[in-house]
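Open the model in your viewer and keep the selection tool at hand. The tour goes from the whole chain to single residues.

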Amino acid sequence: MSDPTGPIPAAQCVLITGGTKGLGLELVRDTLAQGAKVATFSRSLTPEIEALRKEHPDRLFVASLDINDEAGAKTFLKDASAALGPIDSLVNNAAIGQDSMHLHTSPERIAQIVQTNLTAPLILTRAFIRHAMAKVGRGRIVMVTSICAQRGYSGLVAYSATKGGLDSAMRTLAREMHGRFMVNSVAPGFFDSEMSSVLGTEQLSTIARRTPSGRMVTPTNIAPVVRSLLFDDTNMNGQVVVIDGGGSI
Ligand SMILES: NC(=O)c1ccc[n+]([C@@H]2O[C@H](COP(=O)([O-])OP(=O)(O)OC[C@H]3O[C@@H](n4cnc5c(N)ncnc54)[C@H](OP(=O)(O)O)[C@@H]3O)[C@@H](O)[C@H]2O)c1
């Protein structure tokens, strides 16, 4: 166990949820490129994650799992750490989107969004902390939230609530963990992925045009910030880092 008063060691084994496509896949690639081990899951696997698994059989553990399956998530932690060794860091990336006005969103859909994007990540974070406390003592947690937690966007009421909830939980967790775990959020603006494909090309080009940097964010813009939170000694704790090309300023 590392000195509890010194800097938290760089991540060695990271659980990244939803690492099979979109931003999660980029984070898996980037974390492997730093030499760390990665455990990831999503409901269905993709050719891209299968190819990475072939490339890094000893450093990448992949399983098919719904984050809402609490017992399955505990088994995943056990199996992943048996394969890779203790997991010291967590990136809560998996989430589902929304594209419906609140008035037209059924109570069942609201409950599903809150369950998947807020309740399940909080339960997984608890299981992860228990694991990491027992096995390594210290670690790092990154929540992938959204600019929607800070600015209003039509059609994203329940989704925004979950991201704001995660940002709030992140701050309080950072305080509770008292330096044993560095806990931060990254809050991207809109980027091109399956989740944002509900936005038409016209909406996406409007977002790009209104962004001060002149272009939308990409997963490769977000990965270096997550990398820093996982590997560098920044002493950054309890913060939300917005990555949106200045779209929200
Ligand atoms: N795209 C944007 O414009 C945008 C902007 C700001 C923030 N974000 C956030 O960035 C993160 C990544 O988004 P993305 O755009 O890369 O989304 P994406 O392409 O839809 O990927 C989401 C990932 O999460 C997994 N996932 C979804 N539901 C799951 C469940 N119930 N259990 C396990 N895994 C699940 C998906 O795999 P399966 O579907 O196979 O389960 C997939 O691997 C999310 O937290 C999102 O809220 C996105």
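What follows is a series of stops, each with something to select and something to look for.

**Before you start**

This is a predicted model, in which local features need pLDDT of at least 70, side-chain atom pairs count only at pLDDT 80 or more, and totals for chains, interfaces and linings use all residues. Residues are numbered from 1 along each chain as its sequence is written, and side-chain values use heavy atoms, with hydrogens and water left out.

**Stop 1: the whole chain**

Helices here are DSSP runs of H or I with at least four residues, strands are runs of E with at least two, and both are numbered from the N terminus. Trace the chain from the N terminus and the order reads β-α-β-α-β-α-β-α-β-α-β-α-α-β.

The C-alpha atoms fill roughly 50 × 35 × 35 Å.

Switch to a surface. The accessible area of the chain is about 11,800 Å², and 52% of it belongs to carbon and sulfur atoms. These areas come from the Shrake-Rupley method with a 1.4 Å probe; for residues, only the protein chains shown count as cover.

Colour by burial next. Of the 249 residues, 50% count as buried. Buried means under 20% relative accessible area, exposed means over 50%, and partly exposed lies in between (1.4 Å probe, protein chains only).

Contacts come next, meaning heavy atoms within 4.5 Å. Among contacts between residues at least 6 apart in sequence, 72% join residues at least 24 apart.

**Stop 2: residues 12–194**

Select 12–194. UniProt places the feature "domain: Ketoreductase" here, in an unreviewed entry. UniProt positions are given in the numbering used here, feature names are shortened, and annotations may be inferred rather than shown by experiment. This stretch is 47% helix and 19% strand. Its end C-alpha atoms are 29 Å apart.

**Stop 3: Glu 48**

Go to helix 2, residues 47–55, and pick Glu 48. Its relative accessible area is 39%, so Glu 48 is partly exposed. Show its surroundings: Glu 48 touches Leu 25 and Arg 29, not counting residues up to four places away in sequence. Then draw a distance to Thr 20. The two C-alpha atoms are 7.0 Å apart, across 28 residues of chain.

**Stop 4: Gly 139**

Move to strand 5, residues 139–144, and select Gly 139. Is Gly 139 buried or exposed? It is buried, because its relative accessibility is 2%. Beyond its neighbours within four places in sequence, Gly 139 contacts Ile 8, Asp 88, Arg 180, Phe 181 and Met 182.

**Stop 5: Leu 156**

Follow the loop between strand 5 and helix 5 to Leu 156. Leu 156 is buried, at 10% relative accessibility. Which residues does Leu 156 contact, leaving aside neighbours within four places in sequence? They are Gln 98, Ser 100, Cys 148 and Phe 190. Gln 98 is 58 residues from Leu 156 along the chain, yet their C-alpha atoms are separated by 5.6 Å.

**Stop 6: two positive phi angles**

Select His 178, in the loop between helix 5 (157–177) and strand 6 (181–188). Phi is near 50 degrees, a positive value in a residue other than glycine. His 178 is exposed, at 70% relative accessibility.

End at Asn 235, in the loop between helix 7 (219–231) and strand 7 (240–243). Phi of Asn 235 is also positive, near 60 degrees. Asn 235 has a relative accessible area of 60% and counts as exposed.
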